[in-house]
Amino acid sequence: MTDPENSLVGLGRNAGAAVLILSSLAGGDKHGYALVKDVEEFAGVHLPPGTLYQVLPRLESRGLIIALEADERRRPYRLTAQGATVLAEYITAQQRILKTGQARLKRSWSFA
Amino acid sequence: MELRMNSDLHDTRRAMRLLRWYPSAWRKRYGEEFVDHLEQEFAERHSNLGRSVNVVRKGVVARLGDIGLYDSVANPGAQSRAALGTGVGLAALMVVVMVDFWSKAMLVWSGRRYHPIPVTATTGTLTVVVGLVLVELAAIVIVVVTCVVRQIFRGQARPLVVPSTIAVVTGGFLLSEARFFPRLISPYIRGAHGFQGMSLSRPGQLIANLAQVVWETTQRWVDFWNPGYGPISPIQTVVNDCVPLAMFVCGIAIALLIRRVEIPQRIARLVFPTVALLGALSGVYFVAYLGWNLFGGPSNYDFFFRDKWLGIVYLVLLGLVPLLVIRSGLLARRSQPSSERNQIEIVGS
């Protein structure tokens, strides 16, 4: 279990955007705009620029991502090992919830 | 081609305008990539009100974080300094209103023959709270001045030049005004111009006389035109009117110094209790002031609030300050790591 100070718990209402950013960076280093496009593609969600740049510094300060050397004005970000662990734990917890929900829907409401 | 260049320039200007909503430290770190990001967004979708609102809203949030009123990503030391700076700045604003209200409450109380217990209790609470706030602020100023002098002797005076100059000018003005304090209070002590005079065996009278002088030097904040009173000369009245403004500006300069000066770690540990005490005292003052009003403190004295709306503005201010001060203190405390591995990154320890 990771330190709660460095997990997604303390991000409050930004936790959703944080998961999207970490998931995107799990596929490779990306700068801000590339990250937004990737999230749009796999999640169908457009991250507004203000929200993106509110969450990036928080993830950086928690050591979940690092900023790489800027290429002109574009600065790519990389997922850290700690960031990968936190994302994996979050996904595992969500999968448990999904499985429970699916099973209960199937049993009580006959949804496949 | 020219059209495209004009469009690019226009987008860059638009992005730069939006960037201004963010604090300078944030702009320094993320400004370039953020502008680049916005330019790419503009190229794809030129107009989007929701996007602009989002940027402005998050910019304001970042500014609130910069002054310690929102969870900031800055290091714990910076958050502590921001909280203390904001606490002192708000307290400086509040203290000029507090001393004015207190002096009037005190004068109303001392001018009465019959003193109901609730009015006496709330007036006493206002007196004690004002005294404690002034003592706490004086202690903070002494500590900050010591830290500033230390930093200047270490040859790191550059970031402190502007706030130090403002603090010295306004502080000097306040000290020069304090020079007249004995002269201002002497008619009340000796007994002149229709005043009874004072005996050391009656400390209540001393406080009432002090309130009279404080009222003279702070009333401009409630009544915009100060016609002068009793033994005070017109020039002295004008100088007196500048005192609250000087107190506020001096407080803001001290708050700026707190943000820029290197605070030793052993003092940084006291930030939360200091801010919490400021917030608690402001809160007690607000409650006592409400009680004083409810229990008939200002009855038969309609001069207290000539302008109803101004009175409401002051009430909102008095209620808001403790909440903001306590919030900044709690955020500073939350930002401090619990374990030894993340020690406060405050230099000069």
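Of the 112 residues in chain A, 32% are buried. A residue is buried if 20 or more other C-beta atoms lie within 10 Å of its own, exposed if 12 or fewer, and partly exposed in between, with C-beta atoms placed from the backbone. For chain B, buried residues make up 36% of 349 residues. This is a predicted model: local features need pLDDT of at least 70, side-chain atom pairs count only at pLDDT 80 or more, and totals for chains, interfaces and linings use all residues. Residues are numbered from 1 along each chain as its sequence is written, while chains are lettered from A and ligands numbered from 1 in the order in which they are written.

**The two chains**

- Chain A has 4 helices and 2 strands. Helices (H or I, at least four residues) and strands (E, at least two) are DSSP runs, numbered from the N terminus.
- From the N terminus on, the order in chain A is α-α-α-β-β-α.
- Along its principal axes, the C-alpha atoms of chain A fill a box of roughly 55 × 30 × 25 Å.
- Chain B has 12 helices and 0 strands.
- In chain A, 50% of the contacts with a separation of 6 or more join residues 24 or more positions apart. Two residues are in contact if their C-beta atoms, placed from the backbone, lie within 7 Å.
- In chain B, residues 24 or more positions apart account for 80% of the contacts with a separation of 6 or more.

**Nonpolar cores**

- The largest nonpolar core has 60 residues. Such a core is a set of buried Ala, Val, Leu, Ile, Met, Phe, Trp, Tyr and Cys residues joined through C-beta atoms within 7 Å.
- Met98(B), Leu126(B), Ile254(B) and Leu257(B) have the most contacts inside this largest core.
- Two or more residues of this core come from each of α4 (76-110), α5 (117-153), α8 (203-218), α9 (234-260), α11 (271-294) and α12 (308-335) of chain B.
- α4(B) gives the largest share of this core, 19 residues.
- Leaving aside neighbours within four places in sequence, Leu126(B) is in contact with Trp102(B), Ala105(B), Tyr285(B), Ala288(B), Tyr289(B) and Trp292(B).

**Where the chains meet**

- The contact takes 18 residues from chain B and 17 residues from chain A.
- On the side of chain B that touches chain A, α2 (24-44) and α3 of chain B each give two or more residues.
- α2(B) gives the most to that side, with 9 residues.
- That side of chain B has 7 nonpolar, 4 polar and 7 charged residues. Ala, Val, Leu, Ile, Met, Phe, Trp, Tyr, Cys and Pro count as nonpolar, Asp, Glu, Lys and Arg as charged, and the others, Gly among them, as polar.

**The α3 pair**

- Helix α3 (residues 49-61) of chain A packs with helix α3 (residues 49-66) of chain B at an angle of about 30°, their axes 7 Å apart. Axes are lines fitted to C-alpha atoms, for helices over the stretch in contact, and angles run from 0 to 180 degrees between N-to-C directions.
- That makes α3(A) roughly parallel to α3(B). Angles under 35 degrees count as roughly parallel, over 145 as roughly antiparallel, 65 to 115 as roughly perpendicular and the rest as oblique.
- From α3(A), the contact uses Pro49(A), Gly50(A), Thr51(A) and Gln54(A). From α3(B), the residues include Arg51(B), Asn54(B) and Val55(B).
- The residues of this contact of α3(A) with α3(B) divide into 3 nonpolar, 5 polar and 3 charged.

- The 18 residues of α3(B) should span 26 Å at 1.5 Å a residue, and its end C-alpha atoms are 26 Å apart, which agrees. The expected span of a helix is 1.5 Å times one less than its number of residues.
- Buried residues in α3(B) include Val55(B), Lys58(B), Gly59(B) and Ala62(B).
- The 37 residues of α5(B) should span 54 Å at 1.5 Å a residue, and its end C-alpha atoms are 54 Å apart, which agrees.
- Among the buried residues of α5(B) are Val119(B), Leu126(B), Ile140(B) and Gln151(B).

**Phe34(B)**

- Phe34(B) is found in helix α2 of chain B.
- Phe34(B) counts as buried because it has 26 C-beta neighbours inside 10 Å.
- Leaving aside neighbours within four places in sequence, Phe34(B) is in contact with Tyr53(A) and Leu19(B).
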